[in-house]
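The structure is shown first, and the points follow by topic.

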Amino acid sequence: MSTLFEYELLRTNEPTIMTSPVGLLDFFILEASDSIDRLDATVSRASTGAPDLDVVLRHARTLRGSSTMARQNGIAEVASGIERVARALRDGELQWSPALHGALVAAVDDLKLLLRSVRNWSTADDRRAQSRTAELARLVPEAPRRAPTPGSGGGGAFLVAETGDIADALEQLVRRPSDRETLDVALRHVRTLRGVASVRDVPP
């Protein structure tokens with residue numbers, strides 16, 4: 001299936017606008033629903049032990065990327081919070097516990113509610129997203145955030161995130177060389193960057 005970014009490139013090469021076109025929003029809802037369902041299944045099965053963290057990272061990252069492209073910043077921030085928690089668990093900076101499991105389940109439940117609200121987003125949805133993001137951030141207070149390069153913004157910040165995602169996927173492949181799905185994730189992000197390279201406003 002095409003990524004949301006590939007859909008946007010095919011749709012138009014005009015400057016990005018702040019409001020998501022209807023077709024783009026429909027595509028986002030389909031893609032985000034799949035990512036959230038996979039997160040739900042993975043996290044729900046993990047009551048007695050940590051979930052497959054590479055799977056959590058993969059789908060949280062996909063959700064964060066598609067949400068960013070669809071201008072659904074609240075959903076993107078919650079997904080990013082889940083990413084940071086999963087990365088801290090994977091790197092041994094955080095230990096699995098029933099409380100942590102509950103926080104991740106609650107975050108996924110909020111993602112479901114937020115996705116249902118994307119067509120009629122309200123200040124209450126903003127508050128829900130901000131509250132859940134803050135709770136996830138408190139679980140990993142010292143987790144470093146990938147910062148944009150000097151002068152980068154908008155599309156530049158997106159390029160920074162995409163290249164970081166490629167690095168994360170390759171790092172996972174080093175540990176699990178037979179993981180075809182992770183390889184597909186890396187290739188998808190590479191194709192996205194190849195598409196961006198054809199846009200006039202992005203330096204080679």
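A residue counts as buried when its relative accessible area is under 20%, as exposed when that area is over 50%, and as partly exposed in between. The model is predicted. By the 20% cut-off, both Glu-83 and Arg-64 are buried, and the two form a salt bridge.

- Helix 3 covers residues 53-69, and its 17 residues reach 24 Å from the first C-alpha to the last, close to the 24 Å expected at 1.5 Å a residue.
- Asp-52 caps the N-terminal end of helix 3, with a side-chain oxygen 3.2 Å from the backbone nitrogen of Asp-54.
- His-59 is placed in helix 3 and is buried, with a relative accessible area of 8%.
- The C-alpha atom of His-59 is separated by 8.8 Å from that of Ala-79, 20 residues apart along the chain.
- Arg-71 sits in the loop between helix 3 and helix 4 (73-90), and its phi is near 60°, a positive value in a residue other than glycine.
- With a relative accessible area of 18%, Arg-71 is buried.

**Helix 5**

- Helix 5 (residues 98-116) has 19 residues, which should span 27 Å at 1.5 Å a residue; the end C-alpha atoms are 28 Å apart, which agrees.
- Among the buried residues of helix 5 are His-101, Asp-110, Leu-111 and Leu-114.

**Salt bridges**

- The count comes to eleven salt bridges.
- In the bridge between Asp-26 and Arg-119, the closest N and O atoms are 2.5 Å apart.
- Asp-26 lies in helix 2 (residues 22-44) and Arg-119 in the loop between helix 5 and helix 6 (123-139), so this pair ties together parts that are 93 residues apart in sequence.
- Asp-26 is partly exposed at 33% relative accessible area, and Arg-119 is partly exposed at 48%.
- Glu-83 and Arg-64 form a salt bridge whose closest N and O atoms are 2.7 Å apart.
- Because Glu-83 lies in helix 4 and Arg-64 in helix 3, the pair ties together parts that are 19 residues apart in sequence.
- Asp-109 forms a salt bridge with Lys-112, with the closest N and O atoms 3.8 Å apart.
- Asp-109 and Lys-112 both lie in helix 5, three residues apart, about one turn of the helix.
- Salt bridges that share partners join Arg-61, Arg-64, Glu-83 and Arg-87 into one network.

Conventions: Residues numbered from 1 in each chain as written. Predicted model: local features only at pLDDT ≥ 70, side-chain atom pairs only at ≥ 80, totals over all residues. Heavy atoms only, no water. Helix = DSSP H or I, 4+ residues; strand = E, 2+ residues; numbered from the N terminus. Expected span 1.5 Å × (residues − 1). Polar contact = N/O pair within 3.5 Å; in protein donor to acceptor, adjacent residues only side chain to side chain. Buried < 20%, exposed > 50% of the residue type's maximum accessible area, 1.4 Å probe, protein only. Salt bridge = Lys/Arg side-chain N within 4 Å of Asp/Glu carboxyl O.
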